[in-house]
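Subject: Structure handover

Hi,

Have a look at it first and then read on.

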Amino acid sequence: MMSGTSLDGVDVVLADLRATTPLLLGTCYCPYNDDLREALLLLHQPGYDELHRAAMLSNQLSRLYAKATADLLEKTGVLAAQIVAIGCHGQTIRHCPEPEKRYTIQLVNAALLAELTGITVVADLRSRDIAAGGQGAPLVPAFHEAVFKSSSRHRVIVNIGGIANITNLDPYHAITGFDCGPGNSLMDAWCLQHTGRNYDQNGQWAATGRVIPDLLDALLSAPFFAQIPPKSTGRDLFNLRWLEDKLQFSEESPEDVQATLLQLTVMSIAQAIDMHCLGAEEVYVCGGGGHNSLLINRLAEIMSGKKVALTDQLGITIDWVEAFAFAWLAQQAILRKPGNLTAVTGAKGSRILGAIYPA
Ligand SMILES: Nc1ncnc2c1ncn2[C@@H]1O[C@H](COP(=O)(O)OP(=O)(O)O)[C@@H](O)[C@H]1O
Ligand SMILES: [Mg+2]
């Protein structure tokens, strides 16, 4: 199960990983309500009594995750006893892989989730990679390799969640991957602030605005974009405060800023592919950003010469790729196999990821 930086909710999949080709047997999405989203957002910054609030939210999330699990099992007619494990990402509230910090926090009370579901839970999948000197992210590239790699075509997978990350599937070289910048998170935050809606459906609001070139340049000049991978990021960097610092006179119209933020996502992805995925022929998008038709059209325009499509064309619909990846990562942990790719995260070695809470 995956609950990403967008704070939209939790995606749960039932996966059969016994065959060489992993099978998706069922899916369930459980949205967060506004109170939960706001409480989680508040924990992204220091605040009063945050240890208690974090613990209470972990419990609340675990109950929601357990409910989503029960719904999925009922929907698919599968018993808890038939499930080997839940791979549970948890909800990131801090991600600080920098050498002077080296920690990442995903809220979930995995013990409670195991108790409520009667299913073994694999949680805290990022910490071990960070302990080994890695970024702890992205973790999906190994799964992308397992399901999307072609032996002849050079593919790139772009997951556009709150943050966007790239997997470079060069048939003749080691797999690489990295976070490339904001996916939907800035667009979502700006949209909420100015329209009261959680996201800009299909980019319709952005389409009414015009890109502000100076602002786009200012945003793209953030050192993160020029940084050589391995690299990862989160709301710790790309948030409204960061954006507001760049809005010099606050005279920009909100829809023009939205258009500029959409273009920032497009440009940062395109530049990352140009810089770090030389020779790429096909770009496949997954994650909620794949629903933003304006974003996808702009990306296709700018990536002229390359095929741009959704991962649906490779057999997994965009909404379930990441949750599927965390099921796969849980299996790696259960089988005591590594889940990280050192060329992606920069960890000093392959590591078995996650903490196991037996049923
Ligand atoms: N129809 C749509 N139009 C534009 N954006 C969309 C649409 N559907 C989903 N999204 C975006 O996708 C996000 C959720 O994507 P998701 O892959 O779940 O991200 P995360 O992994 O960060 O939770 C939403 O917050 C929203 O920004
Ligand atoms: Mg999500």
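R336 counts as exposed, because its relative accessibility is 54%, over the 50% that the label calls for. Its phi is positive, about 60°, although R336 is not a glycine. You'll find R336 in the loop between α12 and α13 (342-345). Do keep in mind that this is a predicted model.

R102 also has a positive phi without being a glycine, here near 55°. It sits in the loop between β4 and β5 (103-107). With a relative accessibility of 37%, R102 counts as partly exposed.

While you're checking the backbone, look at two cis peptide bonds. One joins A137 and P138, with omega at about -15°, and P138 belongs to the loop between α4 (127-131) and α5 (141-148). The other runs from P229 to P230, with omega near 5°; P230 is in the loop between α8 and α9.

Next, a residue at the other end of the accessibility scale. Q91 is part of strand β4 (residues 91-96), and it counts as buried because its relative accessibility is 0%. Which residues does Q91 touch, leaving aside those up to four places away in sequence? The list is S3, G4, T5, L7, Y32, L40, L61, Y65, I105, Q106 and L107. Take L7 from that list: Q91 and L7 are 84 residues apart in sequence, yet their C-alpha atoms are 7.9 Å apart in space.

Now for helix α7, residues 213-220. Its buried residues are L215, L216, L219 and L220. Viewed down the axis of α7, the buried residues fall within an arc of 130°, so they line one face of the helix. As a reminder, an α-helix has 3.6 residues a turn, so residues three or four places apart point the same way. P213, D214 and D217 are exposed on the other side of α7. And what covers the buried residues? The cover includes α8 (223-226), α9 (240-246) and α10 (254-276).

Helix α10 turns up again in the largest nonpolar core. That core has 46 residues, and V158, I166, L261, L264 and I273 are the ones that touch the most other members. Nine of the core residues come from α10, which is the largest share. L261 touches L186, M187, W190, L219 and L243, not counting residues up to four places away in sequence; L219 is one of the buried residues of α7. Another core, of 32 residues, lies apart from this one, with V10, C28, A54 and V121 among its members.

How many cavities of 30 Å³ or more does a search of the whole structure find? There are two. The largest cavity holds about 60 Å³ of space. Its lining is made up of F178, C180, L220, F225, K231, S268, Q271, A272, M275 and H276. Both β9 (176-182) and α10 supply at least two of the lining residues, and α10 has the largest share, with five. By class, that lining has six nonpolar, three polar and one charged residues. L220, by the way, is another of the buried residues of α7, and here it lines the largest cavity.

The second largest cavity has a volume of about 40 Å³. T5, H44, T92, I93, R94, G234, R235 and D236 line it. One of these residues is nonpolar, four are polar and three are charged.

Last, the second largest pocket, with about 600 Å³ of space. It is lined by 25 residues, and L14, A15, I83, V84 and A85 are the closest to its centre. At least two lining residues each come from β1 (9-16), α2 (50-76), β3 (86-87) and α12 (321-334). Which element gives the largest share of the lining? That would be β1, with five residues. The lining of this pocket divides by class into 19 nonpolar, four polar and two charged residues.

That's the lot from me.

Cheers

Methods. Residues numbered from 1 in each chain as written. Chains lettered and ligands numbered in written order. Predicted model: local features only at pLDDT ≥ 70, side-chain atom pairs only at ≥ 80, totals over all residues. Heavy atoms only, no water. 1 Å grid on protein atoms, 1.4 Å probe; cavity = no way out; pocket = protein on both sides within 12 Å on 5 of 7 lines; lining within 4 Å. Points joined across faces, edges and corners; volume = space filled by probe spheres on them. Helix = DSSP H or I, 4+ residues; strand = E, 2+ residues; numbered from the N terminus. Nonpolar A, V, L, I, M, F, W, Y, C, P; charged D, E, K, R; others polar. Buried < 20%, exposed > 50% of the residue type's maximum accessible area, 1.4 Å probe, protein only. Arc of directions from axis to C-beta. Contact = heavy atoms within 4.5 Å. Core = buried A, V, L, I, M, F, W, Y, C linked by side-chain atoms within 4.5 Å.
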